[in-house]
Amino acid sequence: MSGFLPDEPNAEVRVSPNFGPRRDTPSPDMIVLHYTGMGTGAGAEAWLCDPASEVSSHYLVHEDGRVVQMVRESDRAWHAGKSSWFGRTDINSCSVGIEIVNPGHSLGYPGFPKRQINAVIGLCAGITRRHSIPAHRVLAHSDVAPGRKVDPGEKFPWKALFEAGVGHLVPAAPIRRSAVLKAGDAGTDVEALQSMLTLYGYGVEITGGFDPQTEIVVEAFQRHFRPRRVDGLADSSTIRTLQRLLASVTVIAAK
């Protein structure tokens, strides 16, 4: 493919060869946000367009707010890797991937510039309108690949997106001294926690035992929805925030 008209107005186009047809779905119903985790935006852009990398994304948002489209929204980009949400494992086929230039945790993990976040908000708003994507399906890479991925991380300003009408969020419950569910615990409280995480979409088996996978998923949840403390311990703040989140989805669905 030598080029295409961008789906997003004013986006630059740089075609990546790393894409294919969507499978079992005519259009995306999810947005997955990533950070690039590389030293420079130029290096990340080149890597996503290099056939040797075998990775790509629909969009890349630079620190100065420039938006580059590399794969058409109608096609399947290779951005999510091994992942799942609501039991579906081919996240690439049902999502639009957005890479946000940021060196990530291993390279200092700076904050995200306001100009960049404003561009992300505008881009997400356009995608959700074009494909009628529900707010609660604007997700982090760490949500769909907990443990394996941590991006875009706890510094990502989900609140700014939500206040602009993008994504799903509730006020996090205050962090107070409380009993916690932790590794090695078992019983109905752990089963209830696992059930609530599954109801929201996370991939965790309901066993009644607080196993390593449950801890990893709790961390992923905290990183997105309770970022002040990401420790994998299900304290009252984590559980109440999860309950609020599920209740708000129910209210939205009922409208």
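Buried means under 20% relative accessible area, exposed means over 50%, and partly exposed lies in between. This briefing applies those words to a predicted model. Arg66, for instance, has a relative accessible area of 34%, so Arg66 is partly exposed. Side chains of opposite charge can pair when their charged atoms come close. In the whole structure, a search finds 13 salt bridges.

**A salt bridge between distant parts of the chain**

- Glu12 and Arg66 join their side chains in a salt bridge, with an N to O distance of 3.6 Å.
- This pair links distant parts of the chain, since its members are 54 residues apart.
- Glu12 belongs to strand E1 (residues 12–13), while Arg66 sits in the loop between strand E4 (59–61) and strand E5 (67–69).
- Glu12 has a relative accessibility of 36% and therefore counts as partly exposed.
- Arg66, as stated above, is partly exposed too, at 34%.

**A salt bridge with a buried partner**

- Another salt bridge forms between the side chains of Asp75 and Arg72, at 2.9 Å from N to O.
- Is Asp75 buried or exposed? Its relative accessibility is 10%, so Asp75 counts as buried.
- Arg72 has a relative accessible area of 32%, and is therefore partly exposed.

**A salt bridge within a helix**

- Lys159 and Glu163 form a salt bridge in which the closest N and O atoms are 4.0 Å apart.
- How many residues apart are Lys159 and Glu163 in helix H5? They are four residues apart in this helix (residues 158–163), so about one helical turn separates them.
- Both Lys159 and Glu163 are exposed.

- Six strands make up an open sheet with mixed pairing, in the order E1-E5-E4-E7-E3-E8.
- Which strands stand at the edges? They are E1 and strand E8 (138–140), and each has a single partner strand, so one side of each is left without a neighbour in the sheet.
- Strand E1 also contains Glu12, one member of the pair with Arg66 described above.
- E8 pairs with strand E3 (residues 30–35) in the parallel sense, over three bridges.
- Opposite Leu33 stands Ala140, a residue of E8.

Key. Residues are numbered from 1 along each chain as its sequence is written. This is a predicted model: local features need pLDDT of at least 70, side-chain atom pairs count only at pLDDT 80 or more; totals for chains, interfaces and linings use all residues. Side-chain values use heavy atoms; hydrogens and water are left out. Helices (H or I, at least four residues) and strands (E, at least two) are DSSP runs, numbered from the N terminus. Buried means under 20% relative accessible area, exposed over 50%, partly exposed in between (1.4 Å probe, protein chains only). Two strands pair if DSSP finds at least two bridges between them.
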